[in-house]
Amino acid sequence: MSVLPDIDKIDDIVEMATTMASLKISAKGLKTLDEMKQRVKETLRFEKKSSWTAKEEDIVIVDSPGIGESAIMDDIVKAYLPEAFAFIYVINSVNAGGIQKDRVEKLFEHARQVSLDKQRESSSNCALFVCNKWEQVPSGETDEVRNHIVRKLAQCWPSLDSESQIIYMSATDAIKAQEFGAVTKEFGELMNGIKSMVLKSIESRLQIQWRWLDYLLARIAYHTKAFMRNSSEDRENVIARMKLITDRLHSIERQQGSVKKELETFLENRTNNALSALSKYLKSPEFKEKFSSWTLDDVPNTEESWEVTKNYIQKALLRRLQERIEEWEEKNHVFSDARSSLIRYFQERFSYVEGQLRTLESSVLAGNAASSVSGPLASEDFSVAEKVLIGVTSPIWVPVGLVVLVVSVPVVGALPVKEKLEDWNRTRKYEKDKCGYMAKASQEYLKEAAEEQHLKSFVEEQLKEAQVCLHQVLHRIPQLIDEDKMLCKQLREENRSKKEIEDFYEPLHDKSVQLRDEMALFGIKEVRIMDISCNDLEWQDDARLGTGAFATVYRGTLKIRGDDKPVDVAVKVWNEELNDATASGFLSETEILRKLSYPFIVKFYGAALRKEGNQLKAILVMELCKENLMKHIFDDKSNIPGESSSSVTATRDVIGWAKQISDALEYIHRQEAKAITGTMAGTPMYLAPEVIKSCMYDYKADVYSFGIMLWEMWYGKRALIDVGGDVKEFYDKVLEGARPAHVEASNKPPTGLHDLMQHCWNIKPDDRPDAAKCYKKLTQLYQDAEHHLRKH
């Protein structure tokens, strides 16, 4: 760590004196700035040589002066942060609430910068705030002071958990207790808090390493399986299919130029919108008046020299600008909204492209099954493990851990103000009219500060997380395409015998799968914290909602922190023990469910682990639905629009439900589409022709299924039950054009709904609408149905 060069940047003797005081270096006998710098350099060099190096197994607490006391000390603390597992911020409880907000935010800025520079998650829960001297707070004011501290910390520290991250204690009482061999309750809480912080930090780092290793093992298993699957197929078929897949990869690759431009333009537009909004606010008459109004309580005091006074004036202007921008952001959320929307959009675009690649990878693994034009690829052609392998997503680092307003506003307009201050010093004295002087200085400062060219760097800093995310996406997509192109090339050029390939790749495949299964169990037990404790879950064995091959679902209740009343939930308990063989499937399902947070998708509350004797059982907790939509429609003829006895609102209701489904489907397609919606299997009547033929397919296969569902919702019947024969014969008839038809003696659907069904189940995927177009059309049909009801 080198901080000596930074000392030379200090050109203010007051700042230098403050720096020396914070470093506990005496300035006695020193008269010039150069003499002070020399003593600091000599002292730091000596301390660096005599510093103690901790052993690897030790935990070291590094004590530093407060953040914000000097630039040099801030740099030293910042240099420690990349290595720190966590940090403790000590608050003086009797000092007006004890929190110097600018210093807490300064510490946060350092942590955020480390996170962005190192591309490493900085969790906001890896911090502890110790309110010392609590015994000096008057007993009648403790609640008020506690609430004040919590409120102020929450303003500048993201996701603060006031119960676990704030400790109220007396160091004096703790020392006295220690003299008698005792430990105060508060000191015990501090020790537990430190332990919890370190563990959380270790878990956070482990999760990152675990995810990358899991991805690596999944890719090894996928590649080795691809070689083995294709070794038993006719070479000409393999070459033809790999060429087709490679052509598709080239097509995706060509699209990336326009995707890159689209994403960069989106970032630029959102940045310019935020910049324009901030500049407009700073130029508004209301803001100018508020910024330029000063009272004697606000203005800096007159110091011994004009140089020192002038320095304090500039700092007062900067601090006021920071505070006003912070208030504006807290009220309008311009930067936070822009930041979150950008990151979400970049992730969606990355997920969409990755979903396309995973679809192609399904075709790579298809082997002999893909050589048949008419034969379906049944569910047994892909094991659960293989479906999980195809769905494993590439980890990109997304900076979401520490995100709040960055308060280090660039000192825009500082030079012109400094020159004005020099001039004004000769023409009028600051002491005569401090408020008028500050008003004039504020106006000059604001003229420069409010200009967009000066604010641009500040706004870009607020959106830096989005810039980092975009860089990750643009860097990772070409890598993924190149990886798949390389595999296709290797499979095309492969000329070894089936036995040679299996002898070489099968041990590698089996070992990678074994290691990944063991990693999954380790991840569940040691790395990933379960969202829900079984202590907060209740259900009875006789409250069973259903049983399947893999799990049993019960009606239960969940206690949610902060809510007085528990919520009703569906508790899905896996039938099999959680072990090496089942852990990967459990993790895959929970990962998919976590991505689906949307109003028209069943809510996922989280996962839990339950000990049953020597066995560990996995539990998923979901929103409890009142009933199944199909049952709701099919079991009551009044809900079936196609029936003559249907209610007057049946048409509107069914179209409304279909609208919600298409809305949810469009949301899913914006996520990691392949991992969520795609397998090569499904209920036969819903399978799209391209899936039946084992061709390459995308989200348009879901639109086909949606079209079949629309028909069933209208007529209240299962589709295509009149198509006879076994499964293969059924598939052949669908490929020949068999589709649901109008049911005689039933009400016909509105023309717009009928046409939408037809378009959705078109044999050509490119001629089908996407989910967004379905939603738009259904919204129009819903409005028409509403209008019809009002007329009658």
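Two strands pair if DSSP finds at least two bridges between them, and helices (H or I, at least four residues) and strands (E, at least two) are DSSP runs, numbered from the N terminus. With that in hand, welcome to this structure, starting with how to read it. It is a predicted model, in which local features need pLDDT of at least 70 and side-chain atom pairs count only at pLDDT 80 or more, while totals for chains, interfaces and linings use all residues. Residues are numbered from 1 along each chain as its sequence is written, and side-chain values use heavy atoms, leaving out hydrogens and water.

**Strands**

- Strand S2 (residues 127-132) and strand S3 (residues 166-168) run parallel and are joined by three bridges.
- In this pairing, Cys131 stands opposite Tyr168 in S3.
- Strand S1 (residues 87-92) also runs parallel to S2, with six bridges joining them.
- Phe87 has Ala127 of S2 as its bridge partner.
- S2 is largely enclosed by the rest of the structure, because five of its six residues are buried (buried means under 20% relative accessible area, exposed over 50%, and partly exposed in between, with a 1.4 Å probe and protein chains only).

- The contact (heavy atoms within 4.5 Å) involves several residues, including Tyr704 and Trp711 of H25 and Leu756 and Cys760 of H27.
- The residues of this contact divide into 10 nonpolar, one polar and no charged; here Ala, Val, Leu, Ile, Met, Phe, Trp, Tyr, Cys and Pro count as nonpolar, Asp, Glu, Lys and Arg as charged, and the others, Gly among them, as polar.

**Cysteines**

- The count of disulfides (pairs of cysteine sulfur atoms within 2.5 Å) comes to zero.
- Cys774 is in no disulfide, and its nearest cysteine sulfur, that of Cys760, is 3.8 Å away.
- Cys774 is buried, with a relative accessible area of 1%, whereas Cys534 is partly exposed at 25%.

**Positive phi values in loops**

- Most residues other than glycine have a negative phi.
- Lys133 has a positive phi near 60°; Lys133 lies in the loop between S2 and helix H6 (142-156) and is partly exposed, with a relative accessible area of 34%.
- Leu720 has a positive phi near 65°; Leu720 sits in the loop between H25 and helix H26 (727-735) and is buried at 6% relative accessibility.
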